[in-house]
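Let's walk through a structure together, one feature at a time. Have a look at it first, and then we'll talk.

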Amino acid sequence: MKNIFVHTTNAKNFMNAMKESEKATGEPTLLTFHGEAGRGKTSCARYFAAQEGWSYIRALRGWSALWMLQDFCYELRIDPIPKRAKPAFEAIRERLLLEPKPVLVDEADKLDGKLLEWIRDLADITLAPFALIGEKLVVRKMQREKRIWSRTLRAVEFEPITTKDILFFAKQAADMALSADQAETVRRKTSGDFRLVSRVVGKLETLADVNKAERITDDMIKMAIKQGLWGRDV
Amino acid sequence: MSNFAQTMRDVVSPGEEVTADDIGERLDVRTWAELKRVRETIKWMRQAGEVKSVRRGVYVFTRVARKRTYLDIIWHLVRSHRSFNADDIERLSGANRATVAEYLQCLVRAGYLRKPNRTTWHLVKDPGPETPVNSTKCKRLKRLRARKEKTK
């Protein structure tokens, strides 16, 4: 199986929201991407941040306001890093006004209300897009503060993988054409978890190679699910 | 591992008219060899379209958005993962396996990464977002050039 990043519906939604935020000029932009673990939020954020050169920062449990601002300074190549909150905030403001590129904050459920306020201030002053990535909790925290929620341009939920995504993934990664019914069976059995889908497609490829099969049969799908989801209730 | 061109960019603001001597002065250049390096770098930057000549010996630096290379992408991914395997980096960077492996080995030699077992890599020293130079590639190119010279 080819080791490639497949642009699933979630990945496309992520990119569309980011592009929209870059176009939204003249207004502060906050974005939030949320969903259960294993839906590919972090991979997506890392992929697009690396490809586009955006700043990617992982929130930490013990973050204080100063610690967070200093981490932002480090990622934004501000040298030397200011030792107090005010100069750090001003350095970030200057840098983002000069180069207004998006900042992605992963594990944003760890941010408390106070830190969210700091991010809101930065978004207000610099007009650079700030994307907060996390599980459901991050949305609840943002909704609690009306001032923050009203500045949120898009709240994108990472959904379980769809049948269409499975068909696309099998074609791209393993050059394998599945029928819609077969893809639907895989989706149902894996509950749309991308890691499990990838494992099943890998097994299918091996089975097709071993049997020298030209097309994937329903029996092969059953066997691949049995092998790929070994130990699970399928 | 800083880049000399980047050091020059840092001391000249875009749109400002400067000479090689001005840049040398700002970088505290004291020897003829160092000044020669400044002139050489200006020559390369002119070829890349980043520097324009206004009149003889006077240059203007323009802000050119540098295209992101695979090394930039790999370094960004290394920093965002902290602990990873080469498969993750290959998948997300889109670079081929040999490029990823060569650059990761170079980062190990530079002391930024550690490889405790066959598959896992750990970032042990983070020098910041600026992409470290791939010294392995430089060495390989030097070897190739030397071999070419020999065969001539």
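**Reading the sheets and the interface**

A: Let's start with one pair of residues: B:Glu17 has B:Val60, in β3(B), as its bridge partner. Keep in mind that this is a predicted model.

Q: Which strands of chain B does that antiparallel pairing belong to, and over how many bridges?

A: Strands of a sheet can pair parallel or antiparallel, and they do it through backbone hydrogen bonds. Here β1(B) pairs with β3 (residues 58-61) of chain B over three bridges, in the antiparallel sense.

Q: What is the order of the strands in that open sheet of three?

A: Reading across, you get β1-β3-β2 in chain B, and the pairing is antiparallel. The edges are taken by β1 (17-19) and β2 (51-55) of chain B; each has a single partner strand, so one side of each has no neighbour in the sheet. Going from one strand to the next, the twist averages 45 degrees.

Q: Which helix packs on that sheet?

A: That's α3 (residues 32-47) of chain B, which touches β2 and β3 of chain B. Its direction makes about 105 degrees with that of β2(B).

Q: Where are β4, β6 and β5 of chain B in their open sheet?

A: They form a three-strand sheet in the order β4-β6-β5, with antiparallel pairing. At its edges you'll find β4 (83-85) and β5 (113-114) of chain B, each pairing on one side only. Three bridges join β4(B) to β6 (residues 120-123) of chain B. To spot the pairing on screen, look for B:Phe84, whose bridge partner in β6(B) is B:Trp121. Helix α5(B) packs on this sheet, touching β4 and β6 of chain B, and its direction makes about 80 degrees with that of β4(B).

Q: Now the two chains: how many residues of chain B and chain A are in contact?

A: It's 17 residues of chain B with 16 of chain A. Between them the chains bury about 1500 Å², and 48% of that is on carbon and sulfur atoms.

Q: How many salt bridges cross the interface of chain B and chain A?

A: The rule finds two. B:Arg79 forms a salt bridge with A:Glu75, with the closest N and O atoms 2.7 Å apart. There are also twelve residue pairs in polar contact between chain B and chain A.

Q: Which helix gives the most to the side of chain B that touches chain A?

A: α4(B) does, with six residues. Both α4 (70-81) and α5 (86-93) of chain B supply at least two residues each. That side of chain B divides into five nonpolar, five polar and seven charged residues.

Note on methods:
Residues numbered from 1 in each chain as written. Chains lettered and ligands numbered in written order. Predicted model: local features only at pLDDT ≥ 70, side-chain atom pairs only at ≥ 80, totals over all residues. Heavy atoms only, no water. Contact = heavy atoms within 4.5 Å. Buried area = accessible area lost by both parts, 1.4 Å probe. Salt bridge = Lys/Arg side-chain N within 4 Å of Asp/Glu carboxyl O. Polar contact = N/O pair within 3.5 Å; in protein donor to acceptor, adjacent residues only side chain to side chain. Helix = DSSP H or I, 4+ residues; strand = E, 2+ residues; numbered from the N terminus. Nonpolar A, V, L, I, M, F, W, Y, C, P; charged D, E, K, R; others polar. Pairing = 2+ DSSP bridges. Axes fitted to C-alpha atoms, helices over the stretch in contact; angles between N-to-C directions.
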